[in-house]
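This report picks out a few local features of the structure shown below. It is written for a reader who has not seen the structure before.

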Amino acid sequence: MEPQPAWEAAKENIQPLRRGRNIASLTEALQNPEILEEKKREFEEDLRAYDGEDPLHVWDSYLTWLEEHYPSGLHGLHLPQLLENCISTFIPDRKYDNDPRYVRVWLKFAGLQPYPEEVYKCMSARGVGVRSSAFYIEWAEYHELSGESRRAQEILEKGIAMLAEPHDQLKTALKQLILRIAQGSTRNFEAESEDAPQDSRNALSKLRPTGSIEAPNVRVGSNRLALQPGAVQGLASKSGLKNSKMAIYIDENASSGLFSGMGSLAGSSSTAHSIASNKENTKRAEKMARQKIPQRLAASEGPTFDVVQDAESESRNQNKSSTTIVGVLSTRKDSSTHMSLSNVLEGPNINEKRMYDFLKVYGGTCEFQFEEIRFAKYKRKMAASGDATHTTHT
Amino acid sequence: MFGAPSSLNNKSTFSFNNSFGGKTAGATNNPMKDFEVPSPPDDTVSGLAFSPISLTQNFLVSGSWDNQLRCWEVHHSGQSVPKAQQSHQGPVLDVAWSDDGSKVFSGSVDKTVKMWDLNSNQCVQIGQHDGPVKTVHWIKASNYQCVMTGSWDKTLKFWDTRSANPIMSITLAERVYCADVFYPMAVVSTANRGIFVYTLENQPRDYKAVESPLKYQHRCVSIFADKTKRDQPVGFGLGSIEGRVAINNVNTNNPKDNFTFKCHRTNSTNTNGYQDIYPVNDIAFHPVHGTLATVGSDGKFSFWDKDARTKLKTSEQMDNSITRCCFNARGEIFAYAVGYDWSKGHEYSNSQQKNYIFLHPSFEELKPRQTAKK
């Protein structure tokens, strides 16, 4: 019987990778853990000492190497921080905006976020990856998995309109998506809600006021005032804004393509001025998640703009005095750790400016002191000029 | 002009003669009009130390990124004379004197620890690490004496100067970034803001790990003595890369004794609306007054009275960072080295820029405020 390969015994500790794993590096990682430290150090030094034409190459190969050589996952390595450092490093360098490697880093970062759409919108507004099919495919996939296949379709169509490369990939993805929608194999919530029996419980749907402070715990049948949340029935769900408290009037005649254009425009204008880095976005979201949004009595106030009125809204106005219970279904607080890391990365105070190269010190998975940064550079210079130990320094 | 004539200070025999001031270089390089040390190192100074109190003369030793160890004799006139030079195979990161002033120890990125006998001008290797040697200190105990070295190989080693093997080795979780020794106390700080205090009596032993009072990377540490018993170490000053120094008493019951203060920052927000923050590169305590000096990447040095919690003085700005500083054993001379500290990476390094070591009269200026008022 042949001896078992090293990975066979460690199989359950190996996280699968999307692109598959390289057997050679996997074996290396499992058999020589002490070499890993050394190699990692090399990469960390490279990050700080590289002075060539393509600094992203070092980051890219380091990230790939880390994934391949830490088969049980990168939990101890602060991957989100590392990706964020990489993103911040190249943000000023516009030549990388549509570099597939840079786009991959952004997408990987997005995948680790609680709200990846924030990152996607930021990328789109910044122009990062707007010519890369991978970006649109990943973004569409996110929406498809959240049950918004129509939005997913829009995004793929947008990618095709932007002439993202490779074009064929995008077209295939779109074709397959449409096929899935047609087969109903995608988790299409819009379709589900239309097909669902009328008497199902619906998030944020209006309940008949009971007069007491408690909300009725039976939220179907006669207790329910409206079938759909908001005033404009039917449209809210179609727009994909399933959980929005307020319905926005949408012209049914307008093409979905136009709407997607408007949506992305709105997204970009809100982020465009604070676009220096996406963490501004994520941070803002975090703050909101912690804070209580002052809730208005939904029943007592109509939208500030004119909407198409129908019979439902009149019945709503009659119930002005009723008490609506808020916070019954509060969102679960997100306790992800990388937010604190973003705080570290940001200045200690908005009015303070670091007069040293922060990303060189804290850039990789571990910190470096100035002498280490200089030594990394020195070592490479010595190696380039031949024998490191016998060269007299001039 | 200098404000430190020896006639006002009967403890000090060190005096500066203003006529030598004219010999210094242009005002932009030497804004404090201090005494310039001749034949300075060709690259950034990373180690700087004055001879111990056992020698009546003052000798200054530097280690630098040009692989060289240099020694000058500093005369009471303020003039200094190059005396000797030795070299490593790589940049030198730290230097230390033996207590009798006969030897100088040095650690280098070439991973070796060397001992330089100044009488015979012989330089021999006494230790070896697996990584660059970042800190070197001499320990003189009643029952032993040795050299303590801290390295990026995450170890602290103790060498008796005769054996090729260390008499003791302590493994740390992280790379050693800075250290100081003041018998019987040693303080070592590592990456990830670790601080470890050792007691050196009988043999080096763990004393305690201290939680960092700072938020960012530790850059320099220096032990200070008790206010009245000047031979008793009681705490340390710790500088960070983020313009802040922490004063930490090791055995205090009163949390108010420990505090941090901001330094090496622009005074107010500048025209861009930002306050600029610079790393603190070195801290030195005055051997007589117990006051301290800090030097930073902003190219300034500042004198502080930690007990009165006041600033005594801030210098003008040099044309480059100040990387290291030290007082002579009697506290009359403050030496500081001007050169690039690599805080902004290789993009800002300029091999054409000259490096300097300056000498500043310090006995009067570092007197605590109260006594100065009398």
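## Positive phi angles

In chain B, B:Lys33 is found in the segment before strand E1 (35-36). The model is predicted. B:Lys33 is not a glycine, yet its phi is positive, at about 50 degrees. Its relative accessibility is 44%, so B:Lys33 counts as partly exposed.

A positive phi also occurs at B:Asn67, a residue other than glycine, where the angle is near 75 degrees. Most residues other than glycine have a negative phi. B:Asn67 is placed in the loop between strand E3 (58-64) and strand E4 (68-74) of chain B. B:Asn67 counts as buried because its relative accessibility is 4%, and the cut-off for buried is under 20%.

## Cis peptide bonds

Most peptide bonds are trans. In chain A, A:Glu165 and A:Pro166 are joined by a cis peptide bond with omega of about -10 degrees. A:Pro166 belongs to the loop between helix H9 (149-161) and helix H10 (167-183) of chain A.

In chain B, a cis peptide bond links B:Tyr183 to B:Pro184, with omega of about 5 degrees. The loop that holds B:Pro184 runs between strand E14 (176-182) and strand E15 (185-190) of chain B.

## A buried strand residue

Strand E11 of chain B covers residues 145-151 and includes B:Val147. With 0% relative accessibility, B:Val147 counts as buried. Beyond its neighbours within four places in sequence, B:Val147 has contacts that include B:Phe105, B:Ile126, B:Trp138 and B:Trp159.

B:Val147 and B:Ser98 are 49 residues apart along the chain, and their C-alpha atoms are separated by 8.7 Å.

Conventions. Residues are numbered from 1 along each chain as its sequence is written. Chains are lettered from A and ligands numbered from 1 in the order in which they are written. This is a predicted model: local features need pLDDT of at least 70, side-chain atom pairs count only at pLDDT 80 or more; totals for chains, interfaces and linings use all residues. Side-chain values use heavy atoms; hydrogens and water are left out. Helices (H or I, at least four residues) and strands (E, at least two) are DSSP runs, numbered from the N terminus. Buried means under 20% relative accessible area, exposed over 50%, partly exposed in between (1.4 Å probe, protein chains only). Contact means heavy atoms within 4.5 Å.
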